[in-house]
Amino acid sequence: MKILIADDSRVMRQIVTRTLRQAGFGDHDLVEAADGRQALDLTTAESPDLVISDWNMPEMTGVEVLRKLRAAGNDVKFGFVTSECTPEMQQQAEAAGAAFFIVKPFTTERFDEVFSPILG
Amino acid sequence: MSVEVQVNEADLAEMVEQVWVSYLDPDGVNPLVRTGNDGQPSEVHSSVSITGSWTGHVVYASSTLAAKKAAAAFLAMEPDEVSQEDLSDVLGELANIVGGNVKAMLPPGAQLSLPQVVLAPESATKYPSAERVSGLYGLWEGEPVSISMWQSRNDVRKGPKG
């Protein structure tokens with residue numbers, strides 16, 4: 001499967017990658033996007049099976065990316081890994097069609113719990 | 001009436017513990033040891049601004065060595081392999097993580113900025129019209145690390161939003 005990791009922080013992209021590996025999902029193809037615009041463009045161009053996105057990014061927020069994808073008829077599995085977690089954000093994410101919401105800091109166990117049903 | 005800050009030192013300590021357990025000290029052997037010394041020196045710092053239901057700044061500050069060790073832990077490398085870019089990125093991420101967790105404890109309607117990193121002591125940055133309302137000060141492997149919250153005085157005067 002192909003996984004797109006969208007985060008403006010290079011460090012966080014590396015940590016997400018490492019945590020995926022530690023949780024046993026290291027064999028998948030990984031694509032990285034460094035802002036919201038890139039996330040939208042790469043999701044369209046690369047057709048990943050899963051998008052793991054930050055919320056607060058330059059150019060476009062993660063939830064804006066998700067809304068644009070859904071508006072364009074793209075139903076890729078999409079969820080958030082973010083340091084911000086308010087009930088209003090979770091509601092927005094859910095309403096936009098997000099599949100998961102992971103709060104930073106996160107553990108390998110949390111990745112395993114969320115991604116096992118998706119990645120098998 | 002002023003806006004009560006709902007995030008106190010104990011809350012900051014809980015967030016910091018999560019960061020340490022997740023990234024900086026997964027084995028639980030080198031926690032941040034609280035000293036309460038708000039005069040401790042720093043060499044680098046990073047911050048995020050919060051605006052809306054609460055307005056102010058969340059600041060992460062440490063020695064350069066502590067920042068290098070944090071970057072090494074985040075990026076799974078040795079401290080002497082850490083570049084300046086690594087150090088800046090990790091400092092920014094630390095402010096972002098703590099700021100995001102602070103935001104989650106505030107009333108609805110707060111916006112978080114992208115992080116800013118300054119490779120100079122915390123005292124090099126001034127926050128006009130803001131005052132420190134809480135802070136967590138400690139030592140990590142003997143190196144100073146702090147997290148503080150600075151609230152805009154305008155915010156205090158404005159009072160709570162309905």
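Me: What radius of gyration does chain B have, and what would a compact globule with 162 residues have?

Reply: The radius of gyration is taken over C-alpha atoms, and the globule rule is 2.2 Å times the number of residues to the power 0.38. For 162 residues a compact globule would come near 15 Å, and chain B has 15 Å, which agrees. Along its principal axes, the C-alpha trace of chain B spans about 50 × 30 × 25 Å.

Me: What should I know about the model and its numbering before going on?

Reply: This is a predicted model, in which local features need pLDDT of at least 70 and side-chain atom pairs count only at pLDDT 80 or more, while totals for chains, interfaces and linings use all residues. Residues are numbered from 1 along each chain as its sequence is written, chains are lettered from A and ligands numbered from 1 in the order in which they are written, and side-chain values use heavy atoms, with hydrogens and water left out.

Me: How many helices and strands does chain B have?

Reply: Helices (H or I, at least four residues) and strands (E, at least two) are DSSP runs, numbered from the N terminus. Chain B has 4 helices and 7 strands, and along the sequence they follow the pattern α-β-β-β-α-α-β-β-β-β-α. Chain A has 5 helices and 5 strands, in the pattern β-α-β-α-β-α-β-α-β-α.

Me: What percentage of the residues of chain B count as buried?

Reply: A residue is buried when its relative accessible area is under 20%, exposed when it is over 50%, and partly exposed in between (1.4 Å probe, protein chains only). In chain B, 51% of the 162 residues count as buried, and in chain A buried residues make up 53% of the 120 residues.

Me: Which residues does A:L42 touch, leaving out those up to four places away in sequence?

Reply: A contact means heavy atoms within 4.5 Å. A:L42 lies in helix α2 (residues 36-46) of chain A, and with that exclusion of residues up to four places away, A:L42 touches A:L4, A:V31, A:E32, A:A33, A:S47 and A:P48. Between A:L42 and A:V31 there are 8.2 Å in space, C-alpha to C-alpha, and the two are 11 residues apart in sequence.

Me: What share of the contacts in chain B join residues at least 24 apart?

Reply: Among contacts in chain B between residues at least 6 apart in sequence, that share is 69%. For chain A, residues 24 or more positions apart account for 63% of the contacts with a separation of 6 or more.
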